[in-house]
Amino acid sequence: APRPLESFLFQMKIAITGKGGVGKTTVSALLSYIYSSEGKKVIAVDADPDANLAAALGIAGNETEKIRPIAELSELIEERTGAKPGSSGGIFKINPKVDDIPESFGYRTDGITLLIMGKSKTAASGCYCPESALLRRLLKHLVTERDEIVIADMDAGIEHLTRGTAEGVDAFIVAVEPGQRSLQTAVTVKRLAQGLGVKKVFVIANKVRNEEDIRFIKNALTDIEFLGAISFNNDITDSDVKGLPSYKASRQAVEEARKIKENQEKFFDEKP
């Protein structure tokens with residue numbers, strides 16, 4: 001039988017994506033903080049090759065340097081897949097053991113476990129290599145087999161997702177800013193997500209200056225549910241310079257993100 005809403009919301013799996021520079025990493029950090037502050041266990045996944053989620057969570061640079069991306073753990077990859085990283089065309093396990101990775105290699109901060117996925121060096125060639133196999137299996141494990149809230153900061157190409165993984169994602173949130181290229185990315189992401197079986201795709205507006213910006217985005221994306229907006233905020237911009245987490249830099253941004261979270265939850269009565 002379907003679980004009650006409250007039980008389901010303690011295990012929400014959310015993928016956040018969008019064009020580079022729209023602020024999806026800030027949104028990922030804000031939502032991770034909000035869920036954690038409510039007493040929920042949170043795994044924040046940096047699945048964007050341009051990894052910045054550690055900084056948005058306020059992890060100091062010298063600490064961030066200690067966090068090894070999963071794709072660079074050569075010994076682990078070989079142990080779990082049976083093949084050396086960088087190899088292709090050979091035989092390796094496509095369903096390696098990954099359930100201990102969050103506890104063993106995650107970085108804990110403010111009640112949040114951060115995992116940095118990294119990028120396999122051979123990904124650009126399109127080969128299916130041992131690193132890719134481990135990353136895909138890990139993401140599927142996080143989405144379909146864990147009890148924690150999972151917030152995944154993805155790239156616009158949602159590279160690590162497969163159909164089996166994406167079908168376990170409860171929602172895609174596409175962060176956009178007022179601009180045509182950003183909006184086109186949202187349309188592309190919705191098409192990719194639907195092709196992978198994701199039923200709920202939402203959009204949020206970031207860096208908005210006024211109501212006109214919000215109307216512009218809503219009018220351009222009429223077939224994607226609008227969850228809310230986060231205002232253009234110099235405090236968020238300055239937080240990167242000061243090394244502050246996004247949620248300590250601006251109370252306004254936290255409250256706007258909290259409203260977005262509440263609006264999303266209204267779309268879920270029970271887990272399907």
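Modeller: Let us begin with one cut-off, since much of what follows rests on it: a residue is called buried when its relative accessible area is under 20%, exposed when over 50%, and partly exposed in between. Please keep in mind too that this is a predicted model. In strand S2, Val-42, Ala-44 and Asp-46 point one way while Ile-43, Val-45 and Ala-47 point the other way, and all are buried.

Biologist: What makes S2 count as largely enclosed by the rest of the structure?

Modeller: Six of the six residues of S2 fall in the buried class, so the strand is largely enclosed. Its pairing partners can be named as well: S2 runs parallel to S4 over five bridges, with Val-42 having Ile-112 as its bridge partner in S4, and S2 is also parallel to S5, over six bridges, where Ala-47 has Met-154 as its bridge partner.

Biologist: Why is Ile-116 called buried?

Modeller: Its relative accessibility is 8%, and the cut-off for buried is under 20%, so Ile-116 counts as buried. This residue belongs to strand S4, which covers residues 112-116. Leaving aside neighbours within four places in sequence, Ile-116 is in contact with Asp-46, Ala-51, Ile-67, Arg-68, Pro-69 and Ile-70.

Biologist: What makes S3 and S8 edge strands?

Modeller: The sheet is open, and its eight strands follow the order S3-S4-S2-S5-S1-S6-S7-S8 with mixed pairing. Strand S3 (107-109) and strand S8 (225-231) each have a single partner strand, so one side of each is left without a neighbour in the sheet. From one strand to the next the twist averages 25°.

Biologist: How do you know that S1 and S5 are paired?

Modeller: Two strands pair if at least two bridges are found between them, and S1 (residues 13-17) and S5 have four, in the parallel sense. Within this pairing, Ile-16 has Asp-153 in S5 as its bridge partner.

Biologist: Which strands does helix H2 touch where it packs on the sheet?

Modeller: Helix H2 (residues 24-37) touches S1, S2, S4, S5, S6, S7 and S8, and its direction makes about 170° with that of S5. Helix H7 also packs on the sheet, touching S1, S2, S4 and S5, and its direction makes about 150° with that of S2.

Biologist: What makes a group of residues a nonpolar core, and how many residues does the largest one have here?

Modeller: The members must be buried residues of the nonpolar kinds, joined through side-chain atoms within 4.5 Å. The largest such core has 44 residues, and Val-45 and Phe-172 have the most contacts inside it. Elements that each supply at least two residues include strand S2, helix H5 (74-81), strand S6 (171-176) and helix H9 (180-195). The largest share, six residues, comes from H7. Apart from this core lies another, of 38 residues, among them Met-12, Leu-53, Ala-171 and Ile-230.

Biologist: How do you know which parts of the prediction call for caution?

Modeller: For the protein chain the mean pLDDT is 86, and 90% of its residues reach 70 or more. Over residues 122-126, however, the pLDDT is below 50, and beyond near neighbours in sequence this stretch has four contacts in the model. Where pLDDT is low, the predicted coordinates should not be read in detail.

Methods. Residues are numbered from 1 along each chain as its sequence is written. This is a predicted model: local features need pLDDT of at least 70, side-chain atom pairs count only at pLDDT 80 or more; totals for chains, interfaces and linings use all residues. Side-chain values use heavy atoms; hydrogens and water are left out. Buried means under 20% relative accessible area, exposed over 50%, partly exposed in between (1.4 Å probe, protein chains only). Contact means heavy atoms within 4.5 Å. pLDDT is the predictor's confidence in each residue, from 0 to 100. Axes are lines fitted to C-alpha atoms, for helices over the stretch in contact, and angles run from 0 to 180 degrees between N-to-C directions.
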